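Here is a short note for a colleague who has not worked with this structure before. Please read the points in order, with the sequence and the structure open beside you.

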Amino acid sequence: AQIRYSIPEELTRGAFVGNIAKDLGTDVAKLAAANLQVLSDSDSQYFSVNVNTGIIMVSERIDREQLCGQNPRCFLHLKLAIENPVEFYRIEVEILDINDNPPEFPSEEVSLRIYELASLGARFPIQPAQDPDVGTNTLQTYHLSANENFNLNVKARTDGGKFPELVLERALDREFRAFHYLVLTAEDGGSPPKSSKIRITIQVLDANDNHPVFDKPSYGARLVENSPLGTLVVKLNATDVDEGPNGDIRYSLSSHNSAALRQIFAIDEQTGEIRVQGNLDFEEATVYEIEVEAKDMGSPTMEEHCSVVVEITDVNDNAPEVILTSFSSSLSEDAPPGTVVAVIHVRDRDSGEQGKVQCHVSPDLPFQLRKDYEHQYSLLTSTRLDRERIAYYNVTVSASDLGSPPLSRHTVLPITLADVNDNAPQFEQASYEVLVAENNPVGSVLVTVSAADPDSEQNSRLSYSILRAGGTDPGLDPTRYLSIHPTSGQVSAKLPFDYEQTTYLQFHVEVSDGGSPALRNRTLVHIFIVDQNDNAPQVHFPRAGEDSATQLRISPSITPPALITKVVAIDADSGRNAWLSYHLVEATEPGLFSVALRSGEIRVMRALQETDASAHELLVVVRDAGEPPLSTAVTLVVLVEERGPEALQGSEARAVDGGGLPTITLYLIVSLVLISTISLVGLVVLGVRCL
């Protein structure tokens with residue numbers, strides 16, 4: 001048996017194709033038990049069957065154009081095989097085309113070259129677009145953008161192909177429009193339709209159908225006598241709207257001109273420039289009329305004529321002369337206004353008004369001219385000068401006569417300002433703050449101070465030195481700890497700092513330039529010493545020798561938690577480096593004694609028993625909170641005796657029963673009370689004074 005289905009291409013995976021159980025009239029359970037198999041004639045498995053439902057589904061993307069190309073009908077063939085008994089069913093699936101491909105041109109743009117005298121009705125084929133779809137979904141028609149010269153004609157072949165071609169309907173004129181830009185659109189018959197476009201650029205080729213045209217029917221020029229050879233008289237301009245050789249113009253003097261005129265004037269055939277090539281004399285001729293012709297290089301040649309009238313003018317032809325009688329090119333920047341820089345003599349070989357000369361300089365410069373008498377001027381300074389602002393001047397002295405037109409001559413006087421030590425050095429910062437860790441290596445650079453001096457050469461050479469700052473401790477001489485490089489300003493350490501002795505150092509750095517007299521400036525440097533954990537805790541109570549332990553006695557009847565003694569330690573560091581903690585590391589009877597973590601108090605934690613030892617050795621470690629932490633250990637020997645507690649072996653330690661306090665603890669409490677009282681009284685007095 002054979003079953004046929006029809007589905008569109010490009011269905012998603014899992015799309016329904018057909019129900020084979022229903023179409024074969026077979027129970028689904030029977031198909032599942034019969035070991036249903038799907039066999040495909042193609043290499044790809046486009047379909048699958050769910051044996052539990054009997055539904056055929058799409059398992060892979062199906063592209064009709066890839067499978068069947070331009071064939072109008074496209075089929076995929078399947079075979080269903082079942083067992084017990086063996087039966088085969090042939091399934092034919094027709095793949096229907098959808099409009100999933102637009103028409104495509106071979107390129108996005110095409111160029112045509114058409115002669116401007118091309119005859120009407122001429123045809124110019126365009127490469128057709130291709131659409132892999134079939135039926136109504138394939139290419140159906142073309143559209144041409146609106147224009148004045150071309151129409152579109154579409155040729156249809158017997159195989160259904162459609163070829164577009166442009167038809168010239170209106171004559172071309174390259175001079176009116178040299179390029180035509182059209183858009184050809186190909187459209188298929190899908191719903192909705194798809195389309196693509198190609199840009200058509202048409203270049204119109206030229207024909208020699210225009211003659212040259214001068215921009216003026218006649219030209220006029222005026223020259224002075226004795227004009228130098230090569231002087232431009234006038235530049236002619238003729239244009240030809242044609243292009244290429246048809247628009248290439250050559251200029252020449254007409255044969256109507258006399259031989260004498262041809263000796264005086266010449267024309268450049270490429271540019272149309274007429275220049276002087278002979279001597280012009282106002283007394284011989286005051287006006288010249290030149291006939292000029294312009295020809296293009298087309299075939300046949302086309303030409304045009306014009307005339308040029310040249311008037312000769314008798315004018316001033318000698319420029320003034322500037323002579324330096326005295327001049328100093330170097331000037332001190334502290335020169336007062338009115339200082340004479342140069343003495344200038346001027347003259348003009350012309351006579352009358354044309355021989356009178358006037359001089360001036362730019363008003364933007366700090367200089368002025370003073371007229372001493374008819375032909376002599378003095379160049380003076382007009383304001384104060386500052387080399388640091390402007391170090392060099394080019395003073396242009398302009399001399400002009402009173403001729404018509406006036407002639408002038410410009411003389412440049414270079415003036416360099418010599419430096420004066422008038423600027424003190426300036427530090428980059430008014431003050432410097434530096435953090436230095438104690439125990440710094442000798443010779444390390446702590447800070448670099450930097451100053452600048454806008455003066456030049458010797459006046460800008462700087463030297464640094466260290467001075468004691470006012471208000472500092474006379475005992476803290478900065479030169480004892482520090483040195484400074486005299487030229488770089490690098491401040492280096494001569495000794496390592498010890499935070500426990502010095503926490504802050506303040507000093508001045510003075511900079512002086514190399515001028516005479518020298519100018520100076522100062523900056524203040526603050527050095528803050530940062531503490532390092534370089535001191536281990538020191539046990540002040542109880543005191544013991546280096547190799548001996550402190551002994552103390554307690555009564556066997558002492559009541560817990562009785563205070564028997566207190567370990568007092570001090571760390572010379574500060575901050576976290578001086579935070580101390582007390583730890584009981586070793587004890588003869590663990591749990592019998594305890595040490596307070598922060599106060600160092602040692603207490604009995606339980607009642608003594610007869611089985612306990614009569615002597616107990618305690619190892620207490622005092623540790624600070626630095627990184628890395630430092631520690632000190634002290635050993636205490638506690639003797640259990642009937643007599644009252646006392647210190648042994650000359651030690652200053654005292655046993656303390658449960659109701660008393662150590663003497664040093666009492667001293668500490670009294671000191672804290674006195675300090676608090678004095679602080680409170682001081683705050684009250686300050687508050688009353690403020691009110």
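The numbered points below go from the whole chain to single residues.

1. The structure is a predicted model.

2. Secondary structure and overall form. The chain holds 49 strands and 6 helices. Its radius of gyration is 57 Å, whereas the globule rule gives 26 Å for 691 residues, so the chain is more spread out than a compact globule. The C-alpha trace spans about 150 × 140 × 55 Å along its principal axes.

3. Burial and surface. Of the 691 residues, 38% count as buried. The chain exposes about 37800 Å², and carbon and sulfur atoms supply 51% of that area.

4. Contacts along the sequence. Taking contacts between residues at least 6 apart in sequence, 67% join residues at least 24 apart.

5. Charge. There are 97 negative and 53 positive side chains in the chain. The centres of these two sets lie 3 Å apart. Side chains of opposite charge can pair when their charged atoms come close. In the whole structure, a search finds 24 salt bridges.

6. The pair Glu-10 and Arg-61. These two side chains form a salt bridge, with 3.0 Å from N to O. Glu-10 is partly exposed, its relative accessible area being 26%.

7. Two further salt bridges. Glu-273 pairs with Arg-275, and their closest N and O atoms are 2.9 Å apart. Glu-273 counts as buried because its relative accessibility is 19%, under the 20% cut-off. Arg-275 counts as partly exposed at 32%. Glu-293 pairs with Lys-295, with the closest N and O atoms 3.8 Å apart. Here Glu-293 is buried, with a relative accessible area of 14%, and Lys-295 is partly exposed at 32%. Elsewhere, salt bridges with shared partners join Glu-10, Arg-61 and Asp-63 into one network.

8. Phe-105. Where does Phe-105 lie? It is in the loop between strand 7 (87-96) and strand 8 (109-115). Phe-105 counts as buried, at 9% relative accessibility. Leaving aside neighbours within four places in sequence, the residues in contact with Phe-105 are Gln-127, Pro-128, Ala-129, Tyr-142, Leu-184, Ala-186, Ser-196, Lys-197 and Ile-198. Pro-72 is 33 residues from Phe-105 in sequence, and the two C-alpha atoms are 22 Å apart in space.

9. Thr-502. Beyond its neighbours within four places in sequence, Thr-502 is in contact with Leu-476, Tyr-481 and Ile-529.

How values were computed:
Residues are numbered from 1 along each chain as its sequence is written. This is a predicted model: local features need pLDDT of at least 70, side-chain atom pairs count only at pLDDT 80 or more; totals for chains, interfaces and linings use all residues. Side-chain values use heavy atoms; hydrogens and water are left out. Helices (H or I, at least four residues) and strands (E, at least two) are DSSP runs, numbered from the N terminus. The radius of gyration is taken over C-alpha atoms; the globule rule is 2.2 Å times the number of residues to the power 0.38. Buried means under 20% relative accessible area, exposed over 50%, partly exposed in between (1.4 Å probe, protein chains only). Contact means heavy atoms within 4.5 Å. Accessible areas come from the Shrake-Rupley method with a 1.4 Å probe; for residues, only the protein chains shown count as cover. Lys and Arg count as positive and Asp and Glu as negative; His and the chain ends are not counted. The place of a charge is taken as NZ of Lys, CZ of Arg, CG of Asp or CD of Glu. A salt bridge is a side-chain nitrogen of Lys or Arg within 4 Å of a carboxyl oxygen of Asp or Glu.
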